[in-house]
Amino acid sequence: MGMENVIDHLLSAQAIEPILVDVGSSGGSPRIWQPIRAHSTYVGFDGDTREMHHPQEAEYRHACFAHEVITSDGDAAVTFYLTRSPYCSSTLKPNPAITDNFLSADSFIIERTEKAKASTLNAVLDRLNLPHIDWMKIDTQGTDLRVYNSLRKGLRDKLLAIDIEPGLRGAYVNEDLFCDVHAGLMREGFWLSNLKVCGLVRMRKSTLDWLADRDAAASPENVAKAVRQTPGWTECRYLRSLESLEHTGATRREYVLLWVIALIDKQLGFCLDLALEHTRLFGEDELSKRLEAESIERIDQAVQAAKTPKKQVEITVFGRVKRKVRRVLWPGG
């Protein structure tokens, strides 16, 4: 059975409706949520609506969006810095002493400031009558950790997964950096499941202009592709640990939903860990057997795929294509 069919069956049979919160939702909701959208309640926030698109809204069970800024301090309104790139807007002021050293400096130019409606996650969840958050994405351009920390403890304890994008270079004044975020989330019972280091070319725009006067091929696009990037920020995914699940008194629902999240994240070994813990805590019933069997099957598939030489896979796929073309062009041949 395919992954999405397995997920649909589990969530439907257990009447699980994940609650997904997207803080910094410019550009649409995370693609990785696609397998659980139809079962989920989605809440998206962004103070800059210039690139706020919601093409997948109809794919969620429930969805709502708010043109307000999520903060940690409870102010009703905050100063919001709208930068040339909507993806760089923040409640923190960009730090030109850092950003001017990169080709992307223009993205951080402040076009205007405005007073934006603000709220805390606690207040919004109370307003919407949502009891918890299951999976949260935070991309606030510099305030990710303080937004997470602003959640009351009961909500933090129930959070199963968090996608977060802390910086490495200090592009904003008083920014929460990766080292702070990682240490904070580890203390909260999460483990780092995925890490992508993203970067930019460290080269001043004035230097590129100087070079372009002497070399017509030195366009921003060509230089950005050719010159090695410097790490600038990270895209991280953290999942709640088994030890933390037990410590916070997680229910069967949390174990099953975290299993689903781990499957989506291709953490197959952790899936089996969760399945065995589920059996230990809740007994060897049909659900436990299903989680174990699905975990084992997917690990076995991964092992078999790893044992198959890549060249052989390519030949096999190419051979199938050739046979299909032959059948179309020469039926019965």
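Me: What makes helix α1 (residues 3-13) and helix α12 (residues 286-307) roughly antiparallel?
Reply: Their axes come within 13 Å and cross at roughly 165°. Angles over 145 degrees count as roughly antiparallel, under 35 as roughly parallel, 65 to 115 as roughly perpendicular and the rest as oblique, so α1 is roughly antiparallel to α12. The axes are lines fitted to C-alpha atoms over the stretch in contact, with angles from 0 to 180 degrees between N-to-C directions. This is a predicted model, where local features need pLDDT of at least 70 and side-chain atom pairs count only at pLDDT 80 or more. Residues are numbered from 1 along each chain, and side-chain values use heavy atoms, without hydrogens and water.

Me: Which residues of α1 and α12 meet?
Reply: Met3, Val6, His9 and Leu10 in α1 meet Leu287, Arg290, Leu291, Glu294 and Arg298 in α12, with contact taken as heavy atoms within 4.5 Å. By class, that contact has 5 nonpolar, 1 polar and 3 charged residues.

Me: Why is Gln141 called buried?
Reply: Gln141 has a relative accessible area of 18%. Buried means under 20%, exposed over 50% and partly exposed in between, with a 1.4 Å probe and protein chains only, so Gln141 is buried. This residue has a positive phi of about 55° although it is not a glycine, and sits in the loop between β7 (135-138) and α4 (144-149).

Me: And how do you know whether Asn174 is buried or exposed?
Reply: Its relative accessible area is 63%, so Asn174 is exposed. Asn174 lies in the loop between β8 (161-164) and α6 (178-187), and its phi is positive, near 60°.

Definitions and conventions. Helices (H or I, at least four residues) and strands (E, at least two) are DSSP runs, numbered from the N terminus. Ala, Val, Leu, Ile, Met, Phe, Trp, Tyr, Cys and Pro count as nonpolar, Asp, Glu, Lys and Arg as charged, and the others, Gly among them, as polar.
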